Amino acid sequence: MNTSDNTYGSFALVREMLQTAEIVADFEAPGLTEIAADIAGSGRLMMTGEGSSRIFPAKSIMAHARRCGWDITLATDAGHQCCEYDLAGWSVFALSNSGRTAEVIGLFQQLSESGHRNRYSLSATPDSPLEQLATRGCVLNCGKEDAVAATKSVAEQALFYRSLLEHVAGTPTLADRRKDLADQITTALTTQIKPELVERIARAGTIYWAGRNDGVSEELTLKTNEITRKKSDFLEGTYAVHGIEEVMDADDVVLWVEPQAKSEDKFREVLCDGVGLDVITVASRETSFPTIQIPDAGDLGEFVQLAAGWNILVEVGINLGINLDEPERARKVGNEFTG
């Protein structure tokens, strides 16, 4: 993104993306000790929500917790599917930016009626219908988003989970790392992307995102639909070379987030040589493909990767002449509770 170009600043989406760094630098979530103690006591946490309020926040902390070997069972599914589960003995956290998402409200109504006690919520709206159903509700600091595509709220939701689970594990480190992470996010958002890469992505029939099951590539797949209005798909791990190449076309493109070096030759063989499409990587190191290089944020890298993906999608949207703030069909609240 070119912050000196008024074209970018005219969009609420871009302004909210750029606000993310400040939100990260100033992030605080007081009062987590009691909730963390409840979750540690149950030893099991179900993280629910819909769309962007679940994909990156829940999956990024699940991946981190597994890498750290934290002694807690973490799971995530959408609200209606969670209604089918026996969640007795589980702590349940529901995220909804608006606090009015019908699926999670329905889940919390069901849990409340059954006497379930450990129900927690996080939204950007105080005293929302969801918070009223929670045992305890928490409120984001990022404020209201004007753009349809959620950005700054998604980052703060993920930070909240990171801080909460660090307290559960007894290893709080986030407070001392916020400033560096904010700087790295700003770098990822404002890195100038080569025009030929932007143009190549913009003319793609389908934009595929490949990468780990940590919420980054999956969330960017959703953002691709909302921001560029193009078809997209998430290819977890090495899914890209295990059959889907049969229906790929040479005009498609694969954006690969932090590729594992040992898989690069296979991706080139199957996708570049076999299909004839282009692979572009988003990585903290140079790869054997055209690379959009980002800062190495270590175990907070997912936040920087997400910001870099936003940068790419904004550039593509502007290249295509799209009004980034006004999709034709997408809504801010996917399925709003009206009861």
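**A residue and its strands**

Let me begin with Phe-93, which stands opposite Tyr-120 in strand 4; strands here are DSSP runs of E with at least two residues, helices are runs of H or I with at least four residues, and both are numbered from the N terminus. Please keep in mind that this is a predicted model, in which local features need pLDDT of at least 70 and side-chain atom pairs count only at pLDDT 80 or more, while totals for chains, interfaces and linings use all residues. Residues are numbered from 1 along each chain as its sequence is written, and side-chain values use heavy atoms, with hydrogens and water left out.

Phe-93 belongs to strand 3 (residues 91-95), and strand 3 pairs with strand 4 in the parallel sense over four bridges, where pairing requires that DSSP finds at least two bridges between two strands. On its other pairing, strand 4 is joined by four bridges to strand 5 (residues 136-139), again running parallel, with Leu-122 opposite Cys-138.

Phe-93 is buried, at a relative accessible area of 0%; buried means under 20%, exposed over 50% and partly exposed in between, with a 1.4 Å probe and protein chains only. Turning to strand 4 (residues 119-123), five of its five residues are buried, so this strand is largely enclosed by the rest of the structure.

Finally, leaving aside neighbours within four places in sequence, the residues in contact with Phe-93 include Ile-35, Leu-45, Phe-160 and Leu-164, contact meaning heavy atoms within 4.5 Å.
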